[in-house]
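This report is for a reader who is new to the structure shown here. Please look over the sequence and the model before reading on.

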Amino acid sequence: MASRQKDPNKEKSDIESVAVVASDSEEQDTFLWRKWAAVLIVWVIVTAGWVGLTAVFKLPKGFGREADISDEAFRLLMYLAAPVFAAVIAVLVVSVVSFRSHEQEASKNSPPRDGAPIFGHRVLEPVWVLVTTALALLLIVNPGITGLIRFFEGGREDHVVKAVAARWFWQIEYPEAGVISRDELVLPADRRTKVEVESRDVLHSFWIPALRIKVDAVPGRTTSIATTPHATGDMSIDSGLRLQCAELCGLQHSTMAMPVRIVTPEEFDRWLSDMKMRQEATRK
Ligand SMILES: [Cu+2]
């Protein structure tokens, strides 16, 4: 009976190949940890840069209560978007630098190497779904719902102003005083104004950038929005103090604008009674 002799050369080669595989795997682990460390560093830098830029470049001055609510929500969204944007950029930058095709490989016509698939990953997928869902829910509640509640709980309106849109001008009416203005929209500070918006022809949009209020002007319908300005000013000090059509409505859409002037309540009452007297005099 022939006994099975072990081939010493084959045994040696098996041990060597196991050692090579183990060493390859360690190298691969070290390589990946370095890449993740690089991702973390780029993520921190981009997040800090974004937050810094958000703090340096301020939003245009807001002249009303609604502008403050809107700006607060915008700033929160900008800060929350920073780490998400930075994560995408960090992975992208590190991947482009680390996993680029080298010249030697390209010359050999070797097929491009691909990373390990992450579809069905037991940790990454649940974490990804949970984090993005939590972030979306958080934003729906705050500033979404809370912001809307604050926006509409400004109390009863002190007076009504009507804005009528037509290609390509605005007509402002103060129904309680029977005054009409086609040159400017004058609003009192520290009083809540309800603006009722109508259109005589096509879709327009009532937008005052400095007050951060916008509502569509729809033919056959009256839409409305309320505002409480808290600072005085006019278009000569801030170009955002203008009533601008924000819905493409024809050739002269971009010129469909009107200066907005916010004055003290006393000045407003004076202006309104002056206008009333003048307009009544011309009607006689
Ligand atoms: Cu327009």
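Predicted model: local features only at pLDDT ≥ 70, side-chain atom pairs only at ≥ 80, totals over all residues.

## Strand β5 and its partners

Strand β5 spans residues 193–199 and is mostly covered, with five of its seven residues buried. On one pairing, β5 runs parallel to strand β1 (residues 159–166), and seven bridges join the two. His-159 has Thr-193 in β5 as its bridge partner.

β5 also pairs with strand β8 (residues 223–227); here the strands run antiparallel and five bridges join them. In this pairing, Glu-196 is bridged to Ser-224 of β8.

## The five-stranded sheet

An open sheet is formed by five strands in the order β4-β10-β9-β6-β7, with mixed pairing. Its edge strands, β4 (185–188) and β7 (213–217), each pair on one side only. On average, neighbouring strands of this sheet are turned by 25° against each other, direction ignored.

Strand β6 (residues 204–208) and strand β9 (residues 242–245) are antiparallel and share two bridges. Phe-206 has Cys-245 in β9 as its bridge partner.

Helix α5, made of residues 265–283, lies across β4 and β10 (257–263). The helix runs at about 135° to β4.

## Glu-176

Glu-176 sits in the loop between β2 (169–174) and β3 (179–181). Is Glu-176 buried or exposed? Glu-176 is exposed because 11 other C-beta atoms lie within 10 Å, and a residue counts as exposed at 12 or fewer.

Val-160 is 16 residues away from Glu-176 along the chain, and their C-alpha atoms are separated by 7.7 Å.

Terms used:
Residues numbered from 1 in each chain as written. Helix = DSSP H or I, 4+ residues; strand = E, 2+ residues; numbered from the N terminus. Buried ≥ 20, exposed ≤ 12 C-beta atoms within 10 Å, placed from the backbone. Pairing = 2+ DSSP bridges. Axes fitted to C-alpha atoms, helices over the stretch in contact; angles between N-to-C directions. Contact = placed C-beta atoms within 7 Å.
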